[in-house]
Amino acid sequence: KRGLDKLKNNLKGKANELLSRTFDQHVTLAVTGLSRSGKTAFITSLVNQLINEGNGTKLSFFDPVHNGTFIAAKRVPQKHFHVPRFDYDAAISALTAEQPNWPEPTHGISELRLSIRYQPKSSILKYATDMATLTLDITDYPGEWLLDLPMLKQTYQQWSQQTYDLMTRAPRAELSKSFLAKLALIDPLASASEELLGELAQEYTALLYTFRYDLGLSVIQPGRFILPGELAGAPILEFFPFPALASIDGNAYQNAPDDSFVGMLRSRYLEYKEQVVRKFYREHFLRFDRQIVLADCLTPLNKGRESFADLELAMSMILQSYSYGKSGLFSRLFSPKIDKLLFCATKADHVTPEQHAPMVALLNQLIHQNKHHISYEAVQIKTLAIAAVKATTSGVSKYKGADIPVIQGQRLAQREGKGATEVFGQKITVFPGAVPNQLPQENYWRSNTFNFIAFAPLSDLTKHQCLPHIRMDQVLQFLLADKMI
Ligand code: GDP
């Protein structure tokens with residue numbers, strides 16, 4: 001009898017295991033955004049919230065935690081061994097160090113897998129098992145890579161023309177002058193010197209870095225040039241736009257030999273489109289179930305009109321990646337799989353709480369300008385203002401007898417070489433300014449100054465406690481809760 005019971009139990013165990021394996025859920029979550037939009041901080045916080053659930057955390061808007069059906073989450077080996085691992089340990093160590101610091105930002109693609117255990121309550125799983133697993137694959141990749149999508153539709157000539165147009169207008173024109181002057185001296189049909197080509201490509205790349213980090217611009221093409229990932233130094237990244245193409249004879253251009261300047265640039269451009277851009281879409285993008293796009297709208301507001309206008313353009317280029325269905329090319333390239341798309345305005349702890357609603361409104365405007373791009377029937381969309389790692393506290397201060405909202409935090413030391421005038425750890429209390437609730441017009445730029453201050457992470461964080469955050473629970477609710485019922 002005991003033997004029989006044991007057998008029965010064994011069988012039941014096996015059946016449960018089999019059933020739960022059959023019903024186990026799986027989500028591939030992609031995290032993107034332009035450089036410094038907060039991807040690393042976001043993934044670190046998301047993983048931290050899940051693996052430390054119940055440890056001093058407030059995830060009130062995440063149903064599985066709120067309803068007590070969440071059991072535990074742990075890191076497990078990722079799916080693709082050829083993709084670098086997201087370095088959670090290094091990131092959390094930086095944030096929780098004695099002198100806390102922000103983790104190293106995203107350089108390329110990386111992955112991390114979590115296994116989340118929960119008690120199924122309402123789905124069919126409830127009858128089969130009292131514990132189910134949701135496997136969450138998180139992929140981090142630079143938003144710059146999405147900026148390249150429009151290149152797939154363009155010939156080298158078209159792309160050169162468009163890039164040239166940007167480079168001859170403010171705010172890029174001044175900085176581009178000397179590079180363009182060098183190109184003007186080159187005969188595009190003459191046979192090319194690889195050395196010169198390499199040098200010019202380097203100069204073009206340096207220009208892109210300056211556009212991004214000194215001018216605060218967002219439209220950087222090709223996006224890989226500033227975030228090459230594993231392609232750093234590869235000749236496939238050695239090309240640049242050639243402006244004078246419109247002036248050469250169409251036939252001569254078509255027949256330009258492969259070893260001529262323009263022939264070489266053209267073939268590298270084509271190779272780049274195939275081997276880099278299309279390959280990324282095929283190998284990664286097509287596999288994502290859910291996507292979160294992070295946008296830092298505050299830094300461009302701080303940098304001024306041109307920087308903000310460039311963010312608008314970049315957002316519309318990024319959104320093209322989600323515009324399946326409409327255009328023939330994209331629907332042939334991608335069969336839609338993403339069913340949820342979350343847009344987050346990041347670093348919300350940089351403004352006082354009543355500014356969060358305008359932040360969301362502003363981001364909505366950035367997205368909805370491009371509404372026609374996204375097929376709404378297939379994709380559920382949400383917008384939130386978040387702080388993955390909250391670095392300030394908010395309160396009220398008296399100013400000339402009136403109450404004004406303020407935030408308080410510790411200034412981040414300026415990076416070396418950039419006029420290191422700030423003192424690390426200086427505590428400040430400020431009202432950073434108002435966020436416009438729609439795309440800023442001329443009068444906003446005239447009358448408003450937004451004071452974006454970089455803050456250091458709070459100094460009393462520990463590894464096994466949840467990081468302080470704003471609305472990460474709502475992020476989890478939107479992205480995961482429906483898979484955990
Ligand atoms: P990535 O390039 O998209 O990976 O960007 P990071 O995650 O490295 O973020 C860039 C910088 O933005 C960080 O070094 C922080 O200074 C800041 N940052 C990111 N997220 C937050 C946040 O939630 N709050 C605050 N105060 N700063 C943040």
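The largest cavity is lined by Thr 28, Lys 79, His 80, Glu 111, Asp 137, Thr 139, Glu 283, His 284, Arg 287 and Phe 288. Bear in mind that this is a predicted model. The space in that cavity comes to about 90 Å³. By class, its lining has five charged residues, four polar ones and one nonpolar. How many cavities of 30 Å³ or more are there? The count is three.

On to the second largest cavity, which holds about 70 Å³ of space. Its lining consists of Thr 163, Leu 166, Met 167, Arg 172, Tyr 204, Leu 208, Phe 211, Val 219 and Gln 221. Two helices, α6 (156-167) and α8, each contribute at least two of the lining residues.

The bond joins Gln 221 to Pro 222, with omega about -10 degrees. Pro 222 sits in the loop between α8 and α9 (250-254). There is another cis bond to report, from Ala 170 to Pro 171, and its omega is near 5 degrees. Pro 171 belongs to the loop between α6 and α7 (173-184).

While on the backbone, one more residue. Arg 36 is not a glycine, yet its phi is positive, at about 65 degrees. Look for Arg 36 in the loop between β1 (25-33) and α2 (39-51).

Next, the open spaces. The second largest pocket has a volume of about 630 Å³. There are 30 residues in its lining, and those closest to the pocket centre are Pro 84, Gly 108, Ile 109, Ser 110 and Trp 145. Which elements give two or more residues to this lining? They are α4 (88-96) and α10 (261-283). Of the elements, α10 gives the most, with five residues. The lining as a whole divides into 13 nonpolar residues, nine polar and eight charged.

Helix α8, residues 194-214, packs against α10 at an angle of about 55 degrees, and their axes are 11 Å apart. The two helices are therefore oblique to each other. Their crossing is right-handed.

The other pair also includes α8. The axes of α7 and α8 come within 10 Å, and they cross at roughly 165 degrees. That makes α7 roughly antiparallel to α8. In this pair the crossing is left-handed.

To put α8 together: this helix supplies at least two residues to the lining of the second largest cavity, crosses α10 at about 55 degrees, and crosses α7 at roughly 165 degrees. As for α10, this helix packs with α8 and gives five residues to the lining of the second largest pocket.

That is everything I have. Questions are welcome.

Conventions:
Residues are numbered from 1 along each chain as its sequence is written. This is a predicted model: local features need pLDDT of at least 70, side-chain atom pairs count only at pLDDT 80 or more; totals for chains, interfaces and linings use all residues. Side-chain values use heavy atoms; hydrogens and water are left out. On a 1 Å grid over the protein atoms alone, a cavity is a set of points where a 1.4 Å probe fits but cannot get out, and a pocket is an open set with protein on both sides within 12 Å along at least five of seven lines; lining residues have an atom within 4 Å of a point. Grid points are joined across faces, edges and corners, and a volume is the space filled by probe spheres set on the points. Helices (H or I, at least four residues) and strands (E, at least two) are DSSP runs, numbered from the N terminus. Ala, Val, Leu, Ile, Met, Phe, Trp, Tyr, Cys and Pro count as nonpolar, Asp, Glu, Lys and Arg as charged, and the others, Gly among them, as polar. Axes are lines fitted to C-alpha atoms, for helices over the stretch in contact, and angles run from 0 to 180 degrees between N-to-C directions. Angles under 35 degrees count as roughly parallel, over 145 as roughly antiparallel, 65 to 115 as roughly perpendicular and the rest as oblique. A crossing is left-handed if the near helix is turned anticlockwise from the far one by less than a right angle, and right-handed if clockwise.
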